[in-house]
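Open the model in your viewer and keep the selection tool at hand.

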Amino acid sequence: MERIIKLFSFEGLSIEYSIIGKGEPIFVMHGGHSNCHEEFGYKALVENGFSVITPSRAGYGGTSKEVGKSLATACSQYSRLLAHLNIEKVHVLAISAGGPSGIYFAAHYPELVASLTLQSAVTKEWLTPKDKEYKAARILFRPKVEKYTWKLISLMNNRFPQFIFRQMFPSFSNLTYDEAKSKVNNGDVEAIRKMNNRQRSGNGFFIDLIQVNEISSKDLQAVCCPTLIMHSKHDGSVPLEHAYYANENILGSELCLLDSWGHLIWLGKSAGETDINLITFLNSNGILGIGKY
């Protein structure tokens, strides 16, 4: 897939973004430790006639950390990016820690959003200072250390791919590896290796630790576009209660529970089901008047 990467600047703030494919635009709010080089789920979208636009969220990649002053500031900049691209309406796809950004954008810029899809998304209070995962993240992924953390992870993963896959598995799934083995696909080990080679935290994950807890039930209740909530029943990173909470608070939303082995719903033997459900939803909520982008 050919990926175009550019930088948009406005009033001293910059947003790095990528574009893949031609067709109705999908605006991706990627997950934690990711950036505009994200790949999970993109191939099926491009092959089915969509254009995938991915800004590196605040503090990730080449995007200014100041964009992350608040969700309001970040989403204001995203709206300016769409105006710069002459795009009037998009499908918003919000993933994992990008959930609050997608929810806020859909709630506060309804004229720009044709549909909202939440995939393994954070929708309410998540990691807090009392959680051991939060405490570990504050050490391993602080801006001055994170590049060394990811360098070590990628080096180990390149050398021992199966071992690292098994070691990381509990962070993604609430199943034991033996319980999930029948759901794992042959290519999953390599997909995780590639993921660990492209991930960086920058200042972004520290911003996420604050912003994921800024979203409120009022924001969810303000979402008025068609909404699909996709979540694995076995997610070990973002508890299933986040999906139920979004479904309860977004009027008319559709809940799609998947039997994938964990948080990364684009992997495993049920990956095709993830793609089909999303593409069916997008096609049923097409953007009128939009041709090839």
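**Stop 1: the largest pocket**

By class, the residues lining the largest pocket split into 19 nonpolar, 13 polar and 6 charged. Here Ala, Val, Leu, Ile, Met, Phe, Trp, Tyr, Cys and Pro count as nonpolar, Asp, Glu, Lys and Arg as charged, and the others, Gly among them, as polar. This is a predicted model: local features need pLDDT of at least 70, side-chain atom pairs count only at pLDDT 80 or more, and totals for chains, interfaces and linings use all residues. Residues are numbered from 1 along each chain as its sequence is written, and side-chain values use heavy atoms, with hydrogens and water left out.

Select H33, S171, F172, F205 and S237. Of the 38 lining residues, these are the closest to the centre of the largest pocket. The space there is about 1,100 Å³. Now colour α4 (132-140), α5 (146-159), α6 (161-172), α8 (188-198) and α11 (241-249). Each of these supplies at least two residues of the lining. Helices (H or I, at least four residues) and strands (E, at least two) are DSSP runs, numbered from the N terminus.

Pockets and cavities come from a 1 Å grid over the protein atoms alone. A pocket is an open set of points with protein on both sides within 12 Å along at least five of seven lines. A cavity is a set of points where a 1.4 Å probe fits but cannot get out. Lining residues have an atom within 4 Å of a point. Points are joined across faces, edges and corners, and a volume is the space filled by probe spheres set on the points.

**Stop 2: helix α8**

Stay on α8. Its buried residues are D188, V189, A191, I192, M195, N196 and R198. Buried means under 20% relative accessible area, exposed over 50%, partly exposed in between (1.4 Å probe, protein chains only). The buried residues of α8 pack against α5 and α6.

Next, pick N197, also in α8. Is N197 buried or partly exposed? N197 counts as partly exposed, because its relative accessibility is 38%. N197 touches S154 and N158, leaving aside residues up to four places away in sequence. Contact means heavy atoms within 4.5 Å.

**Stop 3**

Move to E39, F40, G41, K43 and W266. Of 17 lining residues, they are the closest to the centre of the second largest pocket. About 380 Å³ of space lies there. The lining divides into 8 nonpolar, 2 polar and 7 charged residues. Elements giving two or more residues to this lining are α1 (42-47), α8 and α12 (271-284).

**Stop 4: the cavity**

Keep F40, G41 and W266 selected. They also line the largest cavity, together with A44, L45, L93, Q119, T274, D275, L278 and I279. How many cavities of 30 Å³ or more does the whole structure hold? The search finds 1. The largest cavity has about 70 Å³ of space. The largest share of its lining, 4 residues, comes from α12.

**Stop 5: the cores**

Select F27, Y78, F105, L118 and V223. Of the 42 residues in the largest nonpolar core, these touch the most other members. A nonpolar core is a set of buried Ala, Val, Leu, Ile, Met, Phe, Trp, Tyr and Cys residues joined through side-chain atoms within 4.5 Å. The largest share of this core, 6 residues, comes from α2. Zoom in on F105. Beyond four places in sequence, F105 touches M29, C75, Y78, S79, L82, V92, P110, L112 and V113. A second, separate core of 37 residues includes I26, L258, I265 and F281.

**Stop 6**

Show the cysteine sulfurs. The structure holds 0 disulfides (pairs of cysteine sulfur atoms within 2.5 Å).

Finish on two backbone details. S96 sits in the loop between β5 and α3, with a positive phi near 50°. S120 lies in the loop between β6 and α4, and its phi is positive too, about 50°. S120 is buried, at 0% relative accessible area.
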